[in-house]
Amino acid sequence: MSGFCGWFGGDIGPDESRRRLAAMSAALTEPDGSETESASGEKGAVAAAVSRRECGGAGADGPVQAAIEGQPVWIDPVLSAIAERVGHGQALVQGYKTRGDKIVEAITGSFRLVVLDSANDRALLATDRLGRHPIVYATVGNALLFASSGNALRAHPDAPSGVDSQALYEYLYFAFVPAPRTVRKDQHRLRPAEILTFENGTVSRRVYWRPDYRDAGTDASFENLKEEFLELLSSAVSASLASARCGCFLSGGVDSSTVAGLAKAAGGSVRTYSIGFAAKGYDEMEYARISSRHFGTDHHEYYVTPADVVEAVPKIARMYAEPFGNESAVPTYFCARMAKEDGVERLLAGDGGDELFAGNSRYAQQKVYDAYHRVPAFLRTALIEPILSAFPLGDKIMPVRKGRSYVRQANVPLPKRLEAYNYFERFGAGTILEEEFLRTIDLGGPLAALEEEYAAARSDASLNRMLHSDLRFVLADCDLVKVSRMCEMAGVEVAFPLLADELVEFASRVPAKWKIKGLKLRWFMKEALRDLLAPSVLTKTKQGFGLPFGLWLKDDPGLEQLAGDSLSDLKARGVVRASFIDDVRERHRSEHAKYYGVMVWRLMMLEQWFKAHQDTPVQANLDGANVDGVRD
């Protein structure tokens with residue numbers, strides 16, 4: 001719906017420059033009333049396609065061209081006044097001329113920006129603190145190519161387009177491709193709060209902001225922190241409601257209910273949208289109804305069916321520029337589409353609460369494992385572990401088997417322990433991947449990426465380190481991408497009020513012991529919201545927008561054909577072993593439909609991505625791996 005694209009450097013004539021810029025711009029605009037501004041200079045060109053409902057735009061002053069997109073907030077009052085008077089693009093130009101690359105320190109909110117400075121042979125790219133607006137880039141010779149989407153970057157004739165085998169492996173490991181990698185070889189993506197400089201043909205990147213966790217918290221009392229929290233929440237939701245006809249996602253959980261409730265408290269009618277499933281253990285519609293009645297919202301519901309999934313899968317694969325295997329993209333899309341059909345222009349989503357205030361069950365689970373290391377070391381190594389290991393027929397005795405499993409997992413360090421149930425950790429890469437493909441990848445890459453973010457956290461508390469890693473890794477590369485792209489596909493904007501910069505900073509000051517108290521997840525958040533939310537919402541177990549794909553796949557002929565055909569074709573790609581694909585299908589039928597259904601979905605979406613993006617040649621260069629599906 002909006003974004004920017006362009007390049008810096010190289011030797012391209014004016015006519016060819018206009019043609020290339022038009023091709024890239026066409027790949028990022030939608031027929032929603034967006035307007036495209038473009039500028040070409042001596043060394044570079046930039047186009048900004050900005051929706052009528054979005055802030056941002058392009059600006060220029062002599063040799064400096066710039067574009068910014070999103071909902072930027074200027075800290076500097078002078079730049080704020082310029083933005084209000086002549087636009088955000090011009091404010092960016094003027095801010096860059098006085099601050100250089102420190103301009104990023106003068107902006108908060110959600111944004112992505114580019115500055116092309118021909119006089120100093122210098123270009124800047126930057127994303128906001130949480131990576132809500134991604135940027136993809138590549139260097140070709142002495143030129144920097146960039147765009148807000150991979151599809152727009154590929155529209156440049158010089159953009160590298162081969163498939164990166166390491167990215168395929170990391171997709172299969174995580175269900176998404178984590179930054180800075182993309183699925184395209186030699187194309188890269190900025191991480192959250194990252195600024196790139198391109199100077200004299202050389203790229204350098206740095207992270208300009210990270211949460212500053214205070215593990216023990218502050219001297220403020222619970223009541224004072226609660227008051228501040230509620231004020232920040234109300235302000236963030238009110239700001240998200242401005243200048244558009246808004247609705248709210250409503251799953252019935254704490255986060256979405258909080259957003260809906262505060263939107264209602266801001267005044268006027270509030271429309272809420274929920275998705276249900278006719279599958280036991282997956283449908284949360286009753287909790288959404290409870291929240292809707294509690295707040296008095298204008299509530300709308302839709303039940304997703306297996307036929308909806310069959311219809312949506314090819315569209316979703318086309319929408320994502322790279323493989324994306326989070327199955328909850330399906331209900332997110334149908335929820336956003338329902339809102340669009342109801343006339344909504346912007347949806348407020350509750351994403352971010354889990355990563356700020358510890359809402360995922362695995363955080364409490366790790367606390368249980370960490371407790372083992374408070375047992376004196378000599379008792380663990382000289383008594384507990386030898387007894388469990390030597391106990392006769394231990395694998396057949398439930399308490400002993402569970403004890404062995406507990407000790408085994410507790411002795412795995414974080415963050416690797418978080419991946420205990422990952423398919424690659426359970427089955428081994430050699431069982432899953434083709435031998436020739438294995439030779440092209442770094443098997444330690446996924447865990448190295450996790451460990452890098454975990455170690456970079458400004459905290460000594462394991463909980464805050466996990467939250468930081470998930471904030472920059474899972475949230476930025478998976479959850480926000482899922483919601484943003486599915487809303488874009490449906491034709492609505494999305495806002496994430498729980499991720500307002502002020503709330504992120506506030507969460508870093510909440511003591512770790514208050515985020516999880518005992519084993520109670522997001523204790524502080526729930527206690528602070530006790531007077532706002534319905535009691536049953538506060539006590540419900542977390543579920544989310546999970547799709548009952550694994551269950552449906554066993555009984556629905558349409559899904560069975562879609563998955564069967566996709567996995568059959570995937571066998572010819574030279575990536576995943578045919579024997580593993582067959583084994584997963586059989587285990588799904590006979591053992592655990594939910595667990596193995598997740599891998600079936602992941603494999604199916606990989607093949608669907610290949611099919612959707614064969615409009616341009618897929619040159620894999622995988623030393624024999626046949627990922628473009630053409631038999632030799």
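Ser-274 touches Leu-250, Met-285, Ala-288, His-299, His-300, Glu-301, Tyr-302, Cys-335 and Met-338, leaving aside residues up to four places away in sequence. Contact here means heavy atoms within 4.5 Å. This is a predicted model, where local features need pLDDT of at least 70 and side-chain atom pairs count only at pLDDT 80 or more, while totals for chains, interfaces and linings use all residues. Residues are numbered from 1 along each chain as its sequence is written, and side-chain values use heavy atoms, with hydrogens and water left out.

Is Ser-274 buried or exposed? Ser-274 has 1% relative accessibility, so it counts as buried. Buried means under 20% relative accessible area, exposed over 50%, and partly exposed in between, using a 1.4 Å probe and protein chains only. A polar atom of the Ser-274 side chain lies 2.4 Å from the backbone oxygen of Leu-250.

Ser-274 sits in strand β14. Helices (H or I, at least four residues) and strands (E, at least two) are DSSP runs, numbered from the N terminus.

Now the sheet around that strand. Strands of a sheet pair through backbone hydrogen bonds, either parallel or antiparallel. Two strands pair if DSSP finds at least two bridges between them. The sheet with β14 is open, has five strands in the order β15-β14-β13-β16-β17, and its pairing is parallel. Why is one side of β15 and of β17 left without a neighbour in the sheet? β15 (298–304) and β17 (493–495) stand at the edges with a single partner strand each, so one side of each has no neighbour in the sheet. On average, neighbouring strands of this sheet are turned by 30° against each other, direction ignored. Axes are lines fitted to C-alpha atoms, for helices over the stretch in contact, and angles run from 0 to 180 degrees between N-to-C directions.

Leu-347 has Val-494 in β17 as its bridge partner. Helix α7 (residues 254–265) packs on the sheet, touching β13 (246–249), β14 (271–277) and β16, and its direction makes about 155° with that of β13. Helix α19 (residues 462–490) lies across β13, β16 and β17, and runs at about 150° to β17.

Next, the hairpin. Strands β8 (residues 136–140) and β9 (residues 143–147) pair in the antiparallel sense over five bridges. The bridge partner of Val-140 in β9 is Ala-143. Two residues lie between β8 and β9, and Gly-141 in the turn has a positive phi of about 65°. β8 also runs antiparallel to β10 (residues 188–189), joined by two bridges. There, Val-136 has Arg-189 in β10 as its bridge partner.

Last, two helix pairs. Helix α6 (residues 222–241) and helix α20 (residues 501–509) pack at about 160°, with their axes 10 Å apart. α6 and α20 are therefore roughly antiparallel. Angles under 35 degrees count as roughly parallel, over 145 as roughly antiparallel, 65 to 115 as roughly perpendicular, and the rest as oblique. Among the residues that meet are Phe-229 in α6 and Phe-506 in α20.

How do α25 and α27 lie, then? The axes of helix α25 (residues 557–570) and helix α27 (residues 593–612) come within 8 Å and cross at roughly 70°. α25 and α27 are therefore roughly perpendicular to each other.

Notes. Polar contact = N/O pair within 3.5 Å; in protein donor to acceptor, adjacent residues only side chain to side chain.
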